[in-house]
Amino acid sequence: MIQLTHYQLALLLRSQRWLPPVLLFALLIVAGWFGGQQYGDSLGWCAAMLVPATAYLTRTVLTGEPGAARACLAAVAGPRRAHLAALYAALAVNTLLAVVGGGFEWLVSSPPPALADPPLAAIALHGSVSVLVGLLSGTALGALCAPPVLRRPAAGVLLLAAASVALMVAPVSPVNAAVRAVFTSSSASARTSDPLLPLAAAVVLLALAWAAAVRTAARATGD
């Protein structure tokens with residue numbers, strides 16, 4: 001599995017198809033950057049913007065292999081292992097994107113002014129969990145918006161865009177709940193809450209999405 005994942009990562013890097021989703025994420029992060037923005041708000045923004053970026057990047061990984069090469073790899077390694085390796089590769093590059101984005105937001109942000117000694121450790125921990133929620137949710141969405149789950153490119157792109165917005169703004173979404181948990185600007189005490197329930201929901205969402213994608217890949221090849 002490690003070799004298959006390395007192959008998918010090498011394929012992605014050589015093709016430079018990773019550039020559009022990475023530039024999209026950079027643009028979204030810069031668009032929400034305000035001087036002196038608080039740590040929790042910045043990490044929450046990063047978590048939300050990771051959803052469309054990681055979904056796009058996941059779809060890019062899953063659609064980057066030529067059809068003939070994909071068929072050969074599935075025949076040699078098995079369709080389940082081949083598709084799972086691509087998902088692992090997508091999760092790896094998405095994790096790197098989240099680390100860079102979260103680190104940038106922390107460096108350019110400021111502590112909340114409501115407390116003389118704000119709970120920075122709690123803000124950092126809860127903010128990191130919210131970033132993880134965005135990462136997992138976006139990766140799950142990308143797996144569902146790519147072949148073999150959705151074979152039509154236009155349908156996949158439209159669903160990715162619509163579902164990304166829904167995950168960011170719907171009150172029942174784990175991403176929305178995680179962002180609200182770490183948002184400190186409207187809090188009198190400037191304290192965040194632990195978004196463990198959103199994290200659990202994001203983990204379940206990722207597991208279900210990956211299971212559906214791998215099962216569909218196996219069925220598509222008659223395995």
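Which helix supplies the largest share of the lining of the largest cavity? In this predicted model, that share comes from α1, with four residues. The model is a prediction in which local features need pLDDT of at least 70 and side-chain atom pairs count only at pLDDT 80 or more, while totals for chains, interfaces and linings use all residues. Residues are numbered from 1 along each chain as its sequence is written, and side-chain values use heavy atoms, with hydrogens and water left out.

One cavity of 30 Å³ or more was counted, a cavity being a set of points on a 1 Å grid over the protein atoms alone where a 1.4 Å probe fits but cannot get out. The largest cavity has a volume of about 60 Å³, volume being the space filled by probe spheres set on the points. Its lining (residues with an atom within 4 Å of a point) consists of Gln8, Leu11, Leu12, Ser15, Arg17, Thr60, Val61 and Gly64. Helices α1 (2-15) and α3 each supply at least two residues of this lining; helices are DSSP runs (H or I) of at least four residues, numbered from the N terminus. By class, the lining divides into three nonpolar, four polar and one charged residue, where Ala, Val, Leu, Ile, Met, Phe, Trp, Tyr, Cys and Pro count as nonpolar, Asp, Glu, Lys and Arg as charged, and the others, Gly among them, as polar.

Helix α3 (residues 39-62) also packs with helix α7 (residues 153-169), at an angle of about 160° and with the axes 9 Å apart. Axes are lines fitted to C-alpha atoms over the stretch in contact, and angles run from 0 to 180 degrees between N-to-C directions. This angle makes α3 roughly antiparallel to α7, a term applied to angles over 145 degrees. The crossing of α3 and α7 is right-handed, the near helix being turned clockwise from the far one by less than a right angle. In contact (heavy atoms within 4.5 Å) are Ala48, Met49, Val51, Pro52, Ala55, Tyr56 and Arg59 of α3 with Pro153, Gly156, Val157, Leu160, Ser164, Leu167 and Met168 of α7. These residues comprise 11 nonpolar, two polar and one charged.

Pro174, Ala177 and Ala178 of α8 meet Pro198, Ala201 and Ala202 of α9, a contact made up of six nonpolar residues, with no polar and no charged ones.

Notes
Parallel < 35°, antiparallel > 145°, perpendicular 65-115°, else oblique. 1 Å grid on protein atoms, 1.4 Å probe; cavity = no way out; pocket = protein on both sides within 12 Å on 5 of 7 lines; lining within 4 Å.
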